[in-house]
Amino acid sequence: MQLAVWTYEGPPHVGAMRVATAMDGVHYVLHAPQGDTYADLLFTMIERRDRRPPVTYTTFQARDLGKDTAALLQDAIREAAVRFAPQALLVGASCTAELIQDDPAGLAEALDLPCPVIPLELPSYQRKENWGAAETFYRMVRQLADPAVRPAPREGRRPLANLLGPCALGFRHRDDVVEVVKLLETLGIGVNCVAPLGAAPADLRTLGRADFNVVLYPEIGMEAARWLARTFGQPMIDVVPIGVGATRDFIQAVAALTGVDPAPALANPAARLPWWSRSVDSTYLTGKRVFIFGDATHAIAAARIARDELGFTVCGLGCYNREFAREMRAAAADHGLDPLITDDHLAVEAAIHAAAPELVLGTQMERHIAKRMGLPCAVISAPVHVQDFPARHSPQMGFEGANVIFDTWVHPLVMGLEEHLLAMFRDDFEFSDAAGPSHLHAQPAPAQAAVAPAPAIVSQADIPWTSDAERELRKVPFFVRGKARTNTERYAALEGRVQIDIATLYDAKAHYAR
């Protein structure tokens, strides 16, 4: 275990919280000490949910360890069952409580409660959050799905699908579901159940009624979909419709499985990304180097969009969830890259620095890293903070999701160019701080305020830069400034120079321009 400032995934019981909080009529009793009680912070502050998460803690303290902590857990389970009257009760232990081995499953079973109790054995020191969410959802589906429920005869009815995987604290899951339901309706396909997001235990009992399953987020829904395929014979669609190309592939896959006509959905006039990406305003973005990191599903989808739909060059690709290492290796090979599979944000930072990209697509951690490096960044994957749970409709899936992605990715580059131009002309008489706003030209120009010095550009080299060289470097456009610095420092080291001055900067430019 490694102590870190940031982490991409929490322990697996946080994944169980995400499933419980996403559903209706479910309560989660967590055997945990004081200090592990952070569900309210996660869901009401970050996701801005309008109600508290359905989690009860035993909150034992140090003095309780000399007593019967098992009794504390049983009392908490009884009280939760009476107070909340859930349709299903999840019972588990946090990473700290796991060490005292109180057996939450056996203790809950001994109580003979009136609702189904689903015990969770989530090894906190071997697994992480997404696995915990997937395992929790799988356990619920396996226990609650009624094996007697089967699809009705197809004659006279439209096909039905289950949408599996959307969850609480997911990146734009709420809005993605809306777009996918619209796509299916255009194809004449109904939705039997969306789970876990918005589903109740009673809904899980009817999963067998659907003709097939759509796995929107494999990190959470794949294990349950595989079990349903084995047990109910339900085929699955595992094409994730993120991007125009993938959305068309999704439509074709659904049409091939169900026998419906894909033409109405493929002719969607809302698909504006293809035209925008070919417009004259976007041509200057062609070939921009982009570094991509996040959960495997979103990172792989982003790499395809970046290369095939926007004309970017993918210079780095990776994920933090090792369970999808095989899929990530295959995607990286398709882009001619070595995959970066790690949950160490410092390793990601080093890889970004080495790749010298012009745009970073990642999680909130990559947003912080890019900010320190002066690089534009767009968030494409959880973990995210409150600003990535917008009040507006902002999907990632479907044709409208592709439009949102275009705006989200391109705007940082466009605005960055504007900032560069403003900085370039900062000393011009007409644009300097002393000139004043142009619409106040008849008034005396205000006294020039003291300008705060620009923040120093972060460097990992030992060779010092002179102040004149630092100022000259800032004239380089921000989206290649990191690469210019790296090349200059490498050149200075090769030449044995003791400091980097303006002459070194231009010597390095001439050297690498050959």
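Mentor: Let's talk about a sheet, the cores and some single residues.

Mentor: This is a predicted model, where local features need pLDDT of at least 70, side-chain atom pairs count only at pLDDT 80 or more, and totals for chains, interfaces and linings use all residues. Residues are numbered from 1 along each chain as its sequence is written, and side-chain values use heavy atoms, with hydrogens and water left out.

Trainee: Okay, in what order do the 5 strands of the open sheet come?

Mentor: The order is S11-S10-S9-S12-S13, with parallel pairing. Strands here are DSSP runs of E with at least two residues, helices are runs of H or I with at least four, and both are numbered from the N terminus. Two strands pair if DSSP finds at least two bridges between them.

Trainee: Which strands stand at the edges?

Mentor: S11 (340-341) and S13 (377-379) do; each has a single partner strand, so one side of each lacks a neighbour in the sheet. S13 pairs with S12 (residues 359-362) over 3 bridges, in the parallel sense. There, Leu 361 stands opposite Ala 378.

Trainee: And what does helix H15 lie across?

Mentor: H15 (residues 364-373) lies across S9 (289-294), S12 and S13, and runs at about 170° to S13. That angle is taken between N-to-C directions, from 0 to 180 degrees, with axes as lines fitted to C-alpha atoms, for helices over the stretch in contact.

Trainee: Switching topic: how many residues are in the largest nonpolar core?

Mentor: That core has 59 residues, and Ile 292 and Trp 409 are among those with the most contacts inside it. A nonpolar core is a set of buried Ala, Val, Leu, Ile, Met, Phe, Trp, Tyr and Cys residues joined through side-chain atoms within 4.5 Å. A second, separate core of 53 residues includes Met 23 and Phe 43.

Trainee: What does Ile 292 touch?

Mentor: Leaving out residues up to four places away in sequence, its partners include Leu 361 and Ile 380. Contact means heavy atoms within 4.5 Å.

Trainee: Now Pro 166: buried or exposed?

Mentor: Pro 166 is buried, at 0% relative accessible area. Buried means under 20%, exposed over 50%, and partly exposed in between, with a 1.4 Å probe and protein chains only. Pro 166 is in the loop between S5 (160-164) and H6 (173-186). The C-alpha atoms of Pro 166 and Gly 221 are separated by 7.8 Å, though the two are 55 residues apart along the chain.

Trainee: Last one: where is Gln 396?

Mentor: Gln 396 is in the loop between S13 and H16 (398-424). Gln 396 is buried at 5%, and its contacts include Phe 171 and Arg 172.
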